[in-house]
Amino acid sequence: MTAGPAHGGNVYEAARSSGRAVDRFVDFSASINPLGPSPAAVRALRHSLPQLIHYPDPDCVTLRLALAERWRLASDQILVGNGSSELIHLLPRALGIRHALLIGPTFSEYARAVALAGGKVSYLHARRSEAYRPPLERVLQAVRRGRRPVDTIFLCNPNSPTGRAVEAASVRALVQAAARRRLRVVVDETFVEYCAGRSVLRDAGRSGNLLVLRSFTKFYAMPALRLGYLVGAAPLIQRVRSLQPPWSVNTPAQAFAVAALGDRRYAGRSLAYMQRERARFVMNLTALPGVTVYPSEANFLLLELPASRSARVCAAALARHGLLIRDCSSVPGLNRRTIRLAVRKPAENRRLVAALRSAIIGERR
């Protein structure tokens, strides 16, 4: 069997290879809300369990109506999927994507989905010298000149794994320039709840060339349940839906998501916590010798290790101490010294900083 792409969050593989139990690891490789799921959502999930004897609602009507009300959209402009990854993999086939331009360094599933559908990808990478600021100006120039024979542009905002974000106005300028060239733009807003003024989700309902992806996985801390959604013009949404397997989203996931969406207090606490703890984590990591911490507006940080240290060696060393981090050395556009760390609880973050300090100093001896 061919191995899939490397992602964070595979605590099961780490447990199998080390002989440790899953709960003996602290997982910094997956960027999940450290406060855990909404209590209201957990209660809703429990209340949904008697419905396990029935098939799930294949149309996710209650959840789509809740999302439509929240974002002032029509429900037929929303498609709910088994995680945003399912929707990413449906898009190339549904839209006939033959050549996509990826604004990198970025999430690997865009390229994989396009390749599996028989298309190809080109990259336009952010520059390390610019702290990986998304290069929308260069993308706009490429679109306006029409020199790249692409039909779709993928943008992750805030971007994974760099954590950098661009203003909604800049994204709208890109969408408008792309429309003049008859190009589609797919914007992945998986982490957008962590930063204000970045979302173009509402624009997607009235734009013929914009599709926006969202996920409940990260902010609402439900990766095991798998739930994401896609927003766009109704005809585009219908094309994607026509390829989706029936009963794609299970009943507990739908119930959880409806309740999580309505828990505004939880959302406020989560955002306030992240802003406070991320700043503290950045300060402590920046104090490590030879480490560069890049700006982030998400719930994770991209770091560059000292010149003598590789991400692969560092990840292996920390894993031996029960700390899992994301080795980003294989991400196109990054180098062999880059790692990504989720922002977790204060005591866990302090433990990571101490272990990383020991690994760096130990390597230098």
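Helices and strands are here DSSP runs, numbered from the N terminus, and in these terms Ala221 lies in the loop between strand S7 (210-215) and strand S8 (228-231). The model is predicted, and the backbone geometry it assigns to Ala221 includes a positive phi of about 55°, although this residue is not a glycine. With a relative accessibility of 12%, Ala221 counts as buried. A positive phi, near 55°, is also found at Arg72, again a residue other than glycine. Arg72 is placed in the loop that runs between helix H3 (61-71) and strand S2 (78-81), and, in contrast to the buried Ala221, Arg72 is exposed, its relative accessible area being 69%.

Cis peptide bonds occur in loops as well. The bond from Gly104 to Pro105 is cis, with omega near -10°, and Pro105 has its place in the loop between strand S3 (99-104) and helix H5 (109-116). Ser160 and Pro161 are likewise joined by a cis peptide bond, for which omega is about 20°; Pro161 belongs to the loop between strand S5 (152-156) and helix H7 (168-180).

A further point concerns the cysteines. A disulfide is a covalent bond between the sulfur atoms of two cysteines. With a pair of cysteine sulfur atoms required to lie within 2.5 Å, the count comes to 0 disulfides. Cys156 is accordingly in no disulfide, and the nearest cysteine sulfur, that of Cys195, is 10 Å away.

Helix H2 (residues 39-48) illustrates how buried and exposed positions are arranged around a helix. The buried residues of H2 are Ala41, Ala44 and Ser48; because these fall within an arc of 60° when seen down the helix axis, they line one face of H2. The face turned away from this buried side carries the exposed residues Arg46 and His47. Helix H10 (251-262) is included in what covers the buried residues of H2. At the start of H2, a side-chain oxygen of Ser38 reaches to within 3.2 Å of the backbone nitrogen of Ala40.

Note on methods. Residues numbered from 1 in each chain as written. Predicted model: local features only at pLDDT ≥ 70, side-chain atom pairs only at ≥ 80, totals over all residues. Heavy atoms only, no water. Helix = DSSP H or I, 4+ residues; strand = E, 2+ residues; numbered from the N terminus. Buried < 20%, exposed > 50% of the residue type's maximum accessible area, 1.4 Å probe, protein only. Arc of directions from axis to C-beta. Contact = heavy atoms within 4.5 Å. Polar contact = N/O pair within 3.5 Å; in protein donor to acceptor, adjacent residues only side chain to side chain.
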